[in-house]
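Please go through the predicted model below with the text beside it.

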Amino acid sequence: MIFLDNLINGLSLGSIYAIIALGYTMVYGIAKMLNFAHGDVIMVGAYIAFCALQYWGFPPVLAIVAAMAVCTALGVTIEGLAYRPLRQAASLAVLITAIGMSYLLQNTALMIWGANPKSFPRTFINGTTLRIGQLSVSSATIITILANIVIMIALTLFTAKTKMGKAMRCVSEDRGAAELMGINVNRTISVTFAIGSALAAIAGVLLCSSYPILQPTTGSMPGIKAFTAAVFGGIGSIPGAMLGGVLLGVIEIFGKAYISTELGDAIVFAVLIVVLLVKPSGLLGKQIREKV
Amino acid sequence: MSNQSKHRSNTKMVPVPSGSIVPERDFNEIPVLETRHLGIEFGGLKAVDDFNLTIGKTEIAGLIGPNGAGKTTVFNLITKVYEPTSGAALINGRDLHGLNIVQASKLGLARTFQNIRLFGNMTVEENVRIGLHNQIKYDMFSGILRLPRYWIQENKQHEKTLELLHIFDMEKLADERAGSLPYGVQRRLEIVRALATNPKLLLLDEPAAGMNPRETEELMENIAKIRDQFQIAILLIEHDMNLVMGVCEGICVLNFGRVIAKGTADEIQRNPVVIEAYLGKKKEAQA
Amino acid sequence: MKMTRAKRSKIIYNIVTFALVIGAFFILQSMIDAKTISRSLKGQLVPICCWIVMAVSLNLVIGISGELSLGHAGFMSVGAYTGAVISGVLVNLYGVQDTTLRLVIAIAAGGVMAGIVGALIGIPVLRLRGDYLAIVTLAFGEIIRNLVNVLYIGTGDGRVYSSILNKKLPEGVTMLVDGAKGAVKIKPISTFMAGFILILITLVVVLNLVNSRAGRAIKATRDNRIAAESMGVNVTKYKMMAFVTAAVLAGMAGALYGLNSSTVVPTQFTFNQSINVLVFVVLGGLGNILGSVISATALTVLPEVLRAFADYRMLVYAVVLILVMIFTNNPTIRAITSRLFAPLKSFFRRAAKYAPAVGGAVKELGGEEEGEEQKHE
């Protein structure tokens with residue numbers, strides 16, 4: 001029973017990682033950069049949803065929409081102001097900028113909302129608990145897992161069927177060639193950031209529905225772990241992000257339950273290191289060869 | 001075409017058992033490079049297939065072919081940037097199988113790159129000194145503690161660097177940042193840096209790309225001069241046919257990853273298969 | 001041997017660096033002797049030394065070797081814990097009372113231990129490239145912090161007891177490291193003099209390394225990995241050399257830092273701390289050692305002097321990281337700034353005619369900073 005409990009918790013946490021990882025993997029695949037600030041966009045999304053529910057009296061669905069809207073705008077703005085000027089720069093410079101952006105978001109949030117943790121309100125997401133025999137499952141768990149599956153299918157269809165999705169795949173394959181074919185690379189990258197950030201908002205709400213403590217650093221650890229998940233599944237691959245996220249969530253919960261609570265994070269990072277050493281391209285990723 | 005054979009000493013080329021030709025003077029020596037059925041596949045695509053070439057100890061050889069024929073891939077196979085999926089390459093009779101780029105370089109291979117790969121933030125002198133990395137050595141601690149060995153070896157490196165830069169009259173540029181040099185000078189610096197490793201075989205990937213005719217002419221003289229002075233073999237990839245025909249003793253033509261012709265400059269120029277590869281079939285050309 | 005222009009400006013750069021550090025030391029030391037130094041500044045002296053060493057050593061990895069390491073605070077914590085434990089063991093078990101001897105042994109041990117950890121981490125990490133390397137160093141930094149959090153070390157009955165996770169040590173053991181409480185009951189023995197000497201050692205090691213055969217190999221690997229390999233440079237060896245040297249220096253700084261207070265807790269060495277050091281390096285200029293010394297000092301002193309700055313410190317740091325990167329890496333902005341500074345440059349060039357030595361140094365400073373961009377291929 002405990003095993004099943006842990007498994008369900010793992011799947012739920014893993015689904016959150018998977019949704020965050022989608023943002024990382026799409027941006028990494030298309031803009032070829034590690035958007036370190038992605039985790040903090042989650043935090044912003046959660047705060048917006050929190051304010052909408054707590055102070056502005058929005059209904060839950062509208063609160064989520066508001067969070068998504070703000071995060072989308074934020075993601076596109078970050079990309080345009082900080083990352084676009086560095087499109088031709090070395091990856092070292094871009095990564096340092098992204099780290100700076102992550103700190104900017106965290107500290108701006110600190111100034112707006114303060115350091116005291118806020119407790120995320122109850123909504124339909126985490127309102128009820130289902131009992132199946134001895135097993136009790138929070139509605140947040142079920143909604144998180146369902147949301148993950150829906151998002152994953154929607155994104156796969158989007159990249160396969162729509163014009164913008166195809167443009168994304170082109171830019172990811174060869175930016176120069178895509179440009180020559182008349183694809184607006186900057187716009188494609190903006191859209192990628194928009195989608196990733198909107199997903200981050202959803203992830204933020206789901207994360208805080210399951211773990212209702214909200215503070216400016218809420219997003220950073222899940223963010224880093226989700227990147228680990230994206231690498232685990234194979235960076236650039238949408239099903240990979242899903243698989244990596246879910247596996248990582250399960251590994252983390254089981255590690256905490258059966259090995260040590262304190263070493264939970266260490267176990268997750270050990271997974272990252274082992275994956276990168278054994279199969280650097282991840283579970284479902286492609287190997288990239290440097291052109292000489 | 002009159003100036004073509006100016007730098008090409010009237011070498012007599014003789015066939016060797018592998019099917020290639022080498023200069024008569026190198027016939028009794030171990031060939032500096034010998035490839036046997038060398039090939040590589042990228043996901044089912046045979047980028048280079050069944051590549052056989054023998055280069056004599058002091059030969060200047062040319063590797064030509066249309067764009068995308070697999071010429072640079074051959075370089076990458078020989079220098080172990082890629083591991084071949086079939087066949088073997090031998091340097092001075094030593095099989096390169098299982099060696100990495102560094103080990104291959106230590107056997108006497110040095111190369112330049114099609115897309116220049118200098119150490120852009122370092123000075124010209126430092127670039128050449130990297131070439132001397134395994135020639136004039138001292139350990140890390142002598143360097144940190146500035147032991148006598150450091151001063152002696154640093155001096156040696158400096159002298160040798162100036163000597164090498166003199167080949168292209170570049171001593172004055174020793175302190176310039178390599179990345180800020182004009183394109184043609186960068187190409188020359190790459191050659192100097194490669195020479196500093198004291199190679200037996202120098203691989204030049206489009207050395208004349210981006211050079212004007214006068215510079216190309218100078219380069220041609222220098223390639224011949226380098227071979228004479230250092231007594232090494234040179235294999236070059238080049239699209240400038242004046243240069244190839246003017247300086248190369250043996251020429252190998254590649255198309256779609258396969259060798260379509262081998263021979264001397266005169267033979268290659270007359271070879272109908274080569275003409276077809278470059279210009280297309282006559283019928284198509286007329287149509 | 002004829003001295004080239006580049007060589008001369010390098011020597012001047014080194015002399016300026018050393019002169020600045022030594023001069024600052026003597027001024028501060030005489031202020032301490034004359035008791036004219038403020039209490040808060042005096043308390044900051046050893047930490048400043050530690051942060052300078054941290055910044056210079058991280059610059060070796062980021063600026064010279066070109067790899068973004070995000071776990072530098074991890075090495076510092078290894079050094080701090082090792083130093084605290086060694087110092088405690090020396091007192092409790094061997095009755096070593098001489099503080100200088102204890103400090104020297106503790107710092108050396110901190111360096112060695114961090115070096116070993118650095119080598120163990122470096123073997124897997126340095127096979128990776130770019131962003132992956134950065135994220136894995138971050139992961140290792142967190143793993144070190146996690147492990148230290150569940151580490152228990154104590155002395156008693158003439159021996160050292162240690163355990164990991166929640167296993168209790170026997171009764172009556174004097175705790176040296178107590179899990180999440182950190183290293184406890186440390187007798188502070190660090191001195192400003194020790195910090196000063198550590199800075200000198202760091203500068204000698206890093207500056208001499210950079211201007212040697214090994215240093216050139218490290219820089220070549222940064223500028224173009226494949227070309228360096230083709231020239232017969234063993235890339236992994238030299239990346240490892242920079243990484244482990246930096247880890248040793250960070251470990252020594254950590255030991256000095258740990259032995260400057262009565263407790264060391266794992267939360268002192270989080271990812272945030274690694275980012276702080278990264279800010280020192282970025283602001284001082286990637287690859288610019290003197291710049292790291294100055295920015296580490298300034299950014300450690302500034303929050304103490306300016307309360308307003310202390311409140312917005314992290315916010316300012318974030319903006320600094322973003323702006324410095326955009327200003328030094330965006331071609332358009334670089335063109336604009338270089339045009340703005342053109343009159344200034346020509347002034348220095350004219351000045352250089354009359355005072356070639358100074359002009360060389362100025363050019364070198366500018367050049368070092370400029371050198372970082374254009375690494376992309």
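In chain B, 69% of the contacts with a separation of 6 or more are between residues 24 or more positions apart; two residues are in contact if their C-beta atoms, placed from the backbone, lie within 7 Å. This is a predicted model, in which local features need pLDDT of at least 70 and side-chain atom pairs count only at pLDDT 80 or more, while totals for chains, interfaces and linings use all residues. Residues are numbered from 1 along each chain as its sequence is written, and chains are lettered from A and ligands numbered from 1 in the order in which they are written.

Chain B contains eleven helices and twelve strands. Helices (H or I, at least four residues) and strands (E, at least two) are DSSP runs, numbered from the N terminus. The radius of gyration of chain B is 20 Å, close to the 19 Å that the globule rule gives for 287 residues, so chain B is as compact as a globular protein of that length. The radius is taken over C-alpha atoms, and the rule is 2.2 Å times the number of residues to the power 0.38. Along the principal axes, the C-alpha atoms of chain B fill a box of roughly 70 × 40 × 40 Å. Of the 287 residues in chain B, 49% are buried. A residue is buried if 20 or more other C-beta atoms, placed from the backbone, lie within 10 Å of its own, exposed if 12 or fewer, and partly exposed in between.

One sheet of chain B is open, with four strands in the order 4-3-6-7 and antiparallel pairing. Strand 4 (45-55) and strand 7 (94-95) of chain B are at its edges, each with a single partner strand, so one side of each has no neighbour in the sheet. Two strands pair if DSSP finds at least two bridges between them. Five bridges join strand 3 (residues 33-42) of chain B to strand 6 of chain B, with B:Leu33 and B:Ile91 as bridge partners. Strand 6 (residues 86-91) of chain B is also paired with strand 7 of chain B, over two bridges. There B:Ile91 has B:Arg94 as its bridge partner. Two residues lie between the strands of this hairpin, and B:Asn92 takes a positive phi near 50°.

Chain B is divided into domain 1 (4-108 + 199-286) and domain 2 (118-196), with bounds that come from an automatic or database domain assignment. The C-alpha centres of domain 1 and domain 2 of chain B lie 28 Å apart. Their contact takes eleven residues from domain 1 of chain B and nine residues from domain 2 of chain B. On the domain 1 side, strand 9 (201-205) and helix 7 (213-230) of chain B give two or more residues each. Helix 7 of chain B has the largest share of that side, four residues.

How many residues does the largest nonpolar core have? It has 296, and those with the most contacts inside it are A:Ala67, B:Leu201, C:Cys49, C:Val53, C:Ala253 and C:Leu256. Both domain 1 and domain 2 of chain B give residues to this core, so it lies between them. Such a core is a set of buried Ala, Val, Leu, Ile, Met, Phe, Trp, Tyr and Cys residues joined through C-beta atoms within 7 Å. Six bridges join strand 1 of chain C to strand 2 (residues 159-164) of chain C, and the two run antiparallel. C:Gly156 has C:Arg159 as its bridge partner in strand 2. These strands form a hairpin with two residues between them, where C:Asp157 in the turn has a positive phi of about 50°. Strand 1 of chain C also pairs with strand 3 (residues 174-178) of chain C, in the antiparallel sense over four bridges, and C:Thr155 stands opposite C:Thr174 there.

Between chains, 34 residues of chain B are in contact with 28 residues of chain C. Helix 2 (101-106), helix 3 (124-131), helix 4 (140-145) and helix 5 (148-165) of chain B each supply at least two residues of the chain B side. That side divides into twelve nonpolar, 13 polar and nine charged residues. Here Ala, Val, Leu, Ile, Met, Phe, Trp, Tyr, Cys and Pro count as nonpolar, Asp, Glu, Lys and Arg as charged, and the others, Gly among them, as polar.

Chain C also meets chain A, with 38 residues of chain C in contact with 34 residues of chain A. The largest share of the chain C side, 13 residues, comes from helix 5 of chain C. By class, the side of chain C that touches chain A has 27 nonpolar, seven polar and four charged residues.
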